[in-house]
Amino acid sequence: MQAFADRAAINETMQTGLATFYSRSRGGRWCKGETSGHFINVHQLFTDCDRDSIIYLSDPIGPACHTGARTCWFKEAQLAPAEGPSGGSSSSSSAVAHEGAHDHSDHVPRTTLQALERTISQRREALSQPSDGSKPSWTARLLSNPELLCKKIREEAGELCQTLEANEGRERAANEMADLMYHSMVLLNLQGVEMEEVLRVLRKRFTQSGIEEKAARAPKQQPPQ
Ligand SMILES: N=c1c2ncn([C@@H]3O[C@H](COP(=O)(O)OP(=O)(O)OP(=O)(O)O)[C@@H](O)[C@H]3O)c2ncn1[C@@H]1O[C@H](COP(=O)(O)O)[C@@H](O)[C@H]1O
């Protein structure tokens, strides 16, 4: 979402950790979620180079958009082709944006991981439909065969390690990591885990050393003899 914030709203955000803005229509400060319950937990603030724009990096509790959509950006703007000099159009109006007809439930800008996660979900959904004779899908094969999936994940992890052990170079390492991530994401789909949950776990760990975290763990219960 995008909204205005004045100095007081930004100060409040920093003090409470909840995204707070300034409503120009109501002429006052508002904490996102105070009516809906959909608060936004802010964990980092960035300003742009000339300090007139701020990003609140955050974890939203529920949908961020007042329409109930996860994000406010669900309408795709399409760029009209630029007209040449004979078209009589000035350069400032050569690219005209207009809204696409997409519905917010499915059409939102996605990060690379979210786009891949969506494709995997679509393959999973297609498994429960009668086959439409479309192209064979490797993802569908993995989803239907957990044994093959786990074998591939172990194999890909081994190949990633080998890139270091056999000094295979950075391009190979990037490729093997991509293989491992893709196959692991198929497993996460079967487990009902979203990548966002994994990223949240990683973010939580930002402030803690791995050694300290392990030392603080509760002792494991011994299995009954
Ligand atoms: N990212 C991937 C992806 N990465 C790897 N693979 C497939 O995983 C398989 C890996 O098996 P291999 O045994 O060949 O293993 P390998 O390590 O690549 O090969 P070797 O080094 O062992 O020879 C290959 O078929 C790859 O094409 C992937 N298959 C699919 N995706 C994504 O999933 C989408 C949907 O794919 P389908 O479900 O196949 O339509 C694609 O558009 C991609 O975005």
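Leucine 116 touches Tyr182 and Met185, leaving aside residues up to four places away in sequence; a contact means heavy atoms within 4.5 Å. The model is predicted: local features need pLDDT of at least 70, side-chain atom pairs count only at pLDDT 80 or more, and totals for chains, interfaces and linings use all residues. Residues are numbered from 1 along each chain as its sequence is written, and side-chain values use heavy atoms, with hydrogens and water left out.

- Leucine 116 is found in helix H2, residues 112–127; helices (H or I, at least four residues) and strands (E, at least two) are DSSP runs, numbered from the N terminus.
- Leucine 116 counts as partly exposed because its relative accessibility is 29%; buried means under 20% relative accessible area, exposed over 50%, and partly exposed in between (1.4 Å probe, protein chains only).
- The C-alpha atoms of leucine 116 and methionine 185 are separated by 8.4 Å, while the two residues stand 69 residues apart along the chain.
- Alanine 174 lies in helix H5 and, with a relative accessibility of 49%, counts as partly exposed.
- Between the C-alpha atoms of alanine 174 and alanine 64 the separation is 34 Å, and these residues are 110 residues apart along the chain.

**Helix H4**

- Helix H4 spans residues 146–165, has 20 residues and reaches 28 Å from its first C-alpha to its last, close to the 28 Å expected at 1.5 Å a residue; the expected span is 1.5 Å times one less than the number of residues.
- The buried residues of H4 are Leu148, Leu149, Lys152, Ile153, Glu156 and Thr163.
- These residues lie on the same side of H4 because they cover an arc of only 135° around the axis; the arc is that of the directions from the helix axis to the C-beta atoms.
- The buried residues of H4 pack against helix H3 (138–143) and helix H5 (170–191).
- On the face of H4 turned away from its buried side are the exposed residues Glu147, Arg154, Leu164 and Glu165.
- Asparagine 167 follows H4 and has a positive phi, near 50°.

**Aromatic residues**

- The count comes to two aromatic pairs, where rings of Phe, Tyr and Trp (its six-membered ring) pair if their centres lie within 6.5 Å; planes under 30 degrees apart count as stacked, over 60 as edge-to-face and the rest as tilted.
- The rings of phenylalanine 21 and tryptophan 30 form a tilted pair, because their centres are 5.2 Å apart and their planes stand at 40°.
- Phenylalanine 21 and tryptophan 30 are both buried.
- One aromatic cluster is formed by Phe21, Trp30 and Tyr56.

**Overall fold and annotation**

- The protein has seven helices and six strands, in the sequence order α-β-β-β-β-β-β-α-α-α-α-α-α.
- Of the 225 residues in the protein, 20% are buried.
- Among contacts in the protein with a separation of 6 or more, 40% are between residues 24 or more positions apart.
- The protein exposes about 16900 Å², of which carbon and sulfur atoms supply 53%; accessible areas come from the Shrake-Rupley method with a 1.4 Å probe, and for residues only the protein chains shown count as cover.
- An unreviewed UniProt entry annotates residues 1–74 as "domain: Phosphoribosyl-AMP cyclohydrolase"; UniProt positions are given in the numbering used here, feature names are shortened, and annotations may be inferred rather than shown by experiment.
- The span of residues 1–74 is 14% helix and 31% strand, and its end C-alpha atoms lie 11 Å apart.
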